Amino acid sequence: MQRYAAVLAAVGIIGVWGMGGIGKTTLVKNLNNELVKTAVSSSKLSFSVVVWVTVPKPPTDIRKVQAQIANRLNLKVDSEESVERIASRIHQRLKEEKSFLLILDDVWQAINLDHVGVPQPEDPARSKVILTSRFVDVCRQMKTDTEMKVLTFDEDESWQMFVKNAGDIANLEHIQPVAKEIAKECNGLPLAITVIGASMRGKKRVELWKDALGSLRMSEPHNTDVKDNVYKVIKWSFDSLESQDIELSSERRSKHVNKRGGDIQSCFLYCSLYPVAISTDDLIHCWWAEGFLGERNTYEEAYNGGITMIESLKDVCLLETHKSNSVKMHDVVRDVAIWIANSFGGEHNSLIQAGIGLSDISHIKMSTSVKRISFISNDIECLPDGLMECPVTTTLLLQHNYPLQNIPHELFLAFPALRVLNLSGTGIRALPSSINSLYQLRALILQYCIGLTELPPIGNLCNLQLLDCDYTRLHRLPPGMDKLTDLRRLTANSLESIDQGILLKLASMEMIDVLGTRLESTCFDELSSLQKLTSLFISMYSSSVSNRDHTWMSRLKRFHIVVGEVLRHIDFSNSPAKITIYKCEIFSKGELSGMLQFASNLSLQNCKGLRKFIAYNSFNGIKELTVNDCSCDFKPAEKGSGRFNPLPNLEHLCFFRIQNLESVSDISHLLGLRFSKLRRLDILGCQRLRCLFNVGGAFSVPKHLEHIEIAHCDQLVELFVQCGSSQTTLANSEIPRVRKLLLEYCAKLGTLGETPNTWEHLEELSLIEFNQIKKLPLSIQTSKNIKVIRGLSEWWNRLEWDADNFKSNLEHCFQPLY
């Protein structure tokens with residue numbers, strides 16, 4: 001690493017090249033981290049801005065490169081601006097920096113930096129450009145000052161990395177000789193070592209290791225180094241999936257004896273249809289529709305099986321986590337998957353033209369034997385009228401082709417066996433009536449087709465299991481919906497209404513998500529007849545709540561029901577059972593009690609009459625309560641108007657923009673709450689809040705409170721205020737056991753309280769824009785439990801301490817912001 005840093009210090013443009021999977025990106029990331037460490041002591045390697053660009057696959061789109069740079073530089077780019085204009089703005093912005101480091105990762109074709117807008121590093125170069133590529137010629141074409149080839153690991157390095165991935169089991173006396181031979185078969189390639197090592201983790205029998213070694217040595221040889229040293233290794237991991245079959249129990253195996261061999265292999269090869277990130281939900285839905293998840297009785301079972309498949313593939317490094325709801329394939333692994341599919345032919349024969357900038361596909365030759373077709377993430381403007389019939393094609397992926405507006409009538413006639421059709425993120429406004437001929441279709445996915453306002457009749461799609469019209473402008477369900485007796489999941493959030501009687505016919509329905517549509521009372525009653533329904537996301541009129549039978553809701557495992565106005569923006573919630581009351585007179589006659597008995601999360605937004613609502617409804621199951629923009633007065637409650645502790649199981653309380661709230665104790669007095677189980681408290685934008693709790697008399701700090709977050713409360717001056725007696729300190733029984741305290745933008749809060757032991761359990765402290773706090777409480781200064789303190793560096797450096805060693809003891813905990 002020091003060698004690379006030293007070279008970078010001496011030159012302006014450096015090319016890092018090597019074969020796929022050799023670790024170029026990892027090396028540059030580590031180098032970047034090393035530069036951050038040395039920046040303080042080495043002026044030569046200190047940069048005022050670092051820009052990381054993941055270069056798109058060829059043909060390289062300069063606009064996408066410019067967009068990533070502009071985003072990092074906080075430059076707003078208009079889609080109508082020319083490439084030249086954007087380049088000029090980027091050039092001007094980078095010239096304003098004292099120095100910059102630009103990292104171009106995974107360059108497949110030479111890029112003219114002048115066309116992008118990147119100034120050429122001058123001599124002596126204070127600004128730097130690093131690029132990674134599989135090809136040394138690309139580096140040379142980009143006029144790098146030096147090219148550095150990333151080499152494979154030597155035998156010792158390989159073995160250390162292998163053991164790291166395989167675990168200590170590789171060092172067992174009876175396994176180590178075979179394990180070392182397997183490591184040698186990886187030829188020092190980091191990707192291969194990681195994949196093979198992870199696949200052997202936890203295998204204790206030497207026979208398994210010998211079998212693995214034999215399989216590796218028997219892989220089909222190829223003429224090129226890449227195929228010899230990478231493909232056969234990853235193919236072995238692919239082959240091993242067949243025998244694993246994700247370790248089905250004997251009972252499960254008996255149910256799958258007639259399924260196609262190696263479903264997990266099919267799942268792996270299917271991932272190669274996607275160019276970059278893969279939505280977890282999308283992937284599982286396609287696997288399910290294709291039949292790769294075996295014989296699953298319900299959508300929930302299929303989804304759980306899909307998660308198991310994904311985790312199994314991640315465990316052997318054939319898939320990687322991308323973001324919270326997506327995965328990705330390493331590009332070399334994807335190359336191998338495509339190669340395997342092409343080698344197999346037959347069941348896995350695929351046409352993959354994804355993410356390569358296609359605008360026209362009329363020249364693409366399609367085979368009558370192709371099983372799956374992917375044109376994902378191109379710029380296709382139109383589809384050809386006449387297509388060769390593809391009688392065995394089961395998947396057609398056309399998502400993320402934004403210019404595509406029209407689908408020819410003949411298109412669907414050419415794919416009679418289609419099971420999966422994805423047109424998400426296209427510009428289509430309608431679908432041709434020929435879609436009704438896709439009798440085998442299982443999944444129709446139309447997310448983010450924002451121009452789509454209606455669908456033709458689909459009553460012939462008797463095998464359809466999933467219809468996803470999320471983020472479209474579909475105003476009504478298509479004709480023939482009542483014929484879709486096998487439909488399991490429906491998502492459509494822009495409907496104006498649902499016709500009476502349709503839901504009664506959808507007997508197989510398990511999940512309905514129409515949260516953007518307010519249902520009439522008759523539709524709500526129809527839901528009770530769906531015996532298989534387990535997940536429900538709906539909105540309903542407040543008048544539809546009264547005099548309803550809610551006992552059927554006990555069947556629901558997950559739900560979010562909005563009562564009142566339609567919420568256009570829905571905050572993500574981990575709660576499996578949530579009710580939101582939005583912009584309506586709050587119910588004061590117990591009308592919601594029947595529904596509330598099944599909820600664990602209650603959100604009140606823009607409502608009135610909070611006191612009566614709490615007094616006359618039942619909340620025994622509520623664990624989380626959010627009160628948002630609700631009108632409250634905090635006058636003493638009328639005698640007999642409420643009851644003692646109506647939310648006995650409340651664990652999480654959130655207040656957002658309650659303008660008259662001066663302390664949480666006020667809410668307690670108003671509603672009769674005792675917070676006996678409260679663990680978390682969030683308060684945002686309560687402009688009159690002066691303290692959290694008035695302690696004394698009948699009220700004490702919640703004894704189980706562990707997590708406090710407060711932001712934008714301009715009048716907050718203290719957290720705990722002792723009142724009602726001459727006592728000036730909290731009793732030991734009143735000391736909270738807070739472990740996490742996050743405070744943001746509370747301009748008048750100058751102290752966290754000086755009571756001894758108040759914060760002795762604190763593990764995480766964040767103070768954002770808190771320059772007025774000059775000194776931390778002694779219980780924090782001397783804490784042995786504190787793990788993280790976040791704040792501005794200037795604030796940390798100005799803090800006063802009771803002893804010098806207190807600061808040094810906590811220095812390792814401090815994490816500077818910004």
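Mentor: Let us begin with a cluster, in which ring pairs link Trp795, Trp796, Trp801 and Phe814. Rings of Phe, Tyr and Trp (for Trp, its six-membered ring) count as a pair if their centres lie within 6.5 Å, and the pair is called stacked if the planes are under 30 degrees apart, edge-to-face if they are over 60, and tilted for the rest. Before we go on, keep in mind that this is a predicted model, in which local features need pLDDT of at least 70 and side-chain atom pairs count only at pLDDT 80 or more, while totals for chains, interfaces and linings use all residues. Residues are numbered from 1 along each chain as its sequence is written, and side-chain values use heavy atoms, with hydrogens and water left out.

Over the whole structure, a search finds 16 aromatic pairs. One of them joins tyrosine 299 and tyrosine 303 in a tilted arrangement, with 6.1 Å from centre to centre and 40° between the planes. Both tyrosines belong to helix H15 (residues 299-315), where they stand four residues apart, about one turn of the helix; helices (H or I, at least four residues) and strands (E, at least two) are DSSP runs, numbered from the N terminus. Tyrosine 299 is buried, because its relative accessible area is 9%, whereas tyrosine 303, at 23%, counts as partly exposed. Here buried means under 20% relative accessible area, exposed means over 50%, and partly exposed lies in between (1.4 Å probe, protein chains only).

Another pair, phenylalanine 693 with phenylalanine 720, is stacked, at 6.2 Å between centres and 5° between planes. This pair links distant parts of the chain, since phenylalanine 693 sits in strand E24 (residues 693-695) and phenylalanine 720 in strand E26 (residues 720-722), 27 residues apart. Phenylalanine 693 is buried at 0% relative accessible area, and phenylalanine 720, at 14%, counts as buried too.

A ring can also have a charge above it: lysine 180 lies over the face of tryptophan 159, at 5.4 Å from the ring centre. The rule asks that NZ of Lys or CZ of Arg be within 6 Å of the ring centre and within 35 degrees of the ring normal.

Histidine 400 lies in the loop between E11 and helix H17 (409-413), and it counts as partly exposed because its relative accessibility is 33%.

Histidine 400 leads us to asparagine 378, which touches Gln353, Ala354, Gly355, Ile356, Gly357, Leu358, His400 and Asn401, not counting residues up to four places away in sequence; contact means heavy atoms within 4.5 Å. Asparagine 378 lies in the loop between strand E10 (372-374) and strand E11 (395-397), and it is buried, because its relative accessible area is 3%. The side chain of asparagine 378 reaches the backbone nitrogen of isoleucine 356 at 3.0 Å.

How values were computed. A polar contact is a pair of N or O atoms within 3.5 Å; within protein, one must be able to donate a hydrogen and the other to accept it, and residues adjacent in sequence count only if both atoms are side-chain atoms.
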